[in-house]
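I open this notebook to set down what I looked up in the structure shown here, entry by entry.

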Amino acid sequence: MKKDCGMWIHILSHKLKKRMDANVQSLGITGVQSRIMHYILVKCAEGPVFQRDVEKAFDMSRSTTTGILQLMEKNGLILRESVASDARLKSLIPTEKAVDLDAQIGRSLCQSEQRLTAGLTAEQLAQFLETVERMSANLEE
């Protein structure tokens, strides 16, 4: 059976998840948590970060994001602080533990990206990114 685009994307996603999980397992977090934690740390430098920001950046449902953030909070990686202007909003604050892990997470993310894109020219990579962006947009329509 010939593999179509959907099958290849599924396979690639599964392999990347396995590699990322293995890379950060010793840190006591998952690959998804590492990406979200890195995102929060980068975005906090620009201003407050909220759950809806994570949902939008990673194109995840509210329930999925809630589960991941609750586990990260339980594991001491983030705090949720109420916002004075709107009690319903909670700002995501990285803890010292998260800050301490960020350099290792950054290296892990960089290694994964380098491995993933090894042997690709800049043009091939640009074409791939353009293609997957269009495929994603197609699924939104």
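I took a disulfide to be a pair of cysteine sulfur atoms within 2.5 Å, and my search of the whole structure found 0 disulfides. I worked on a predicted model, where local features need pLDDT of at least 70 and side-chain atom pairs count only at pLDDT 80 or more, while totals for chains, interfaces and linings use all residues. Residues are numbered from 1 along each chain as its sequence is written, and side-chain values use heavy atoms, with hydrogens and water left out.

Next I turned to T95, which sits in the loop between strand 2 (86-94) and helix 5 (96-117); helices (H or I, at least four residues) and strands (E, at least two) are DSSP runs, numbered from the N terminus. T95 is buried, because its relative accessible area is 13%. Leaving aside neighbours within four places in sequence, I found T95 in contact (heavy atoms within 4.5 Å) with G76, L77, I78 and L79.

Last, I looked at helix 2 (residues 31-44) and helix 4 (residues 62-74), which pack at an angle of about 80 degrees with their axes 11 Å apart. The axes are lines fitted to C-alpha atoms, for helices over the stretch in contact, and angles run from 0 to 180 degrees between N-to-C directions. Helix 2 and helix 4 are therefore roughly perpendicular, a term for angles of 65 to 115 degrees. I noted that V32, Q33, I36, M37 and I40 in helix 2 meet I68, L69, L71 and M72 in helix 4.

Terms used
Angles under 35 degrees count as roughly parallel, over 145 as roughly antiparallel, 65 to 115 as roughly perpendicular and the rest as oblique. Buried means under 20% relative accessible area, exposed over 50%, partly exposed in between (1.4 Å probe, protein chains only).
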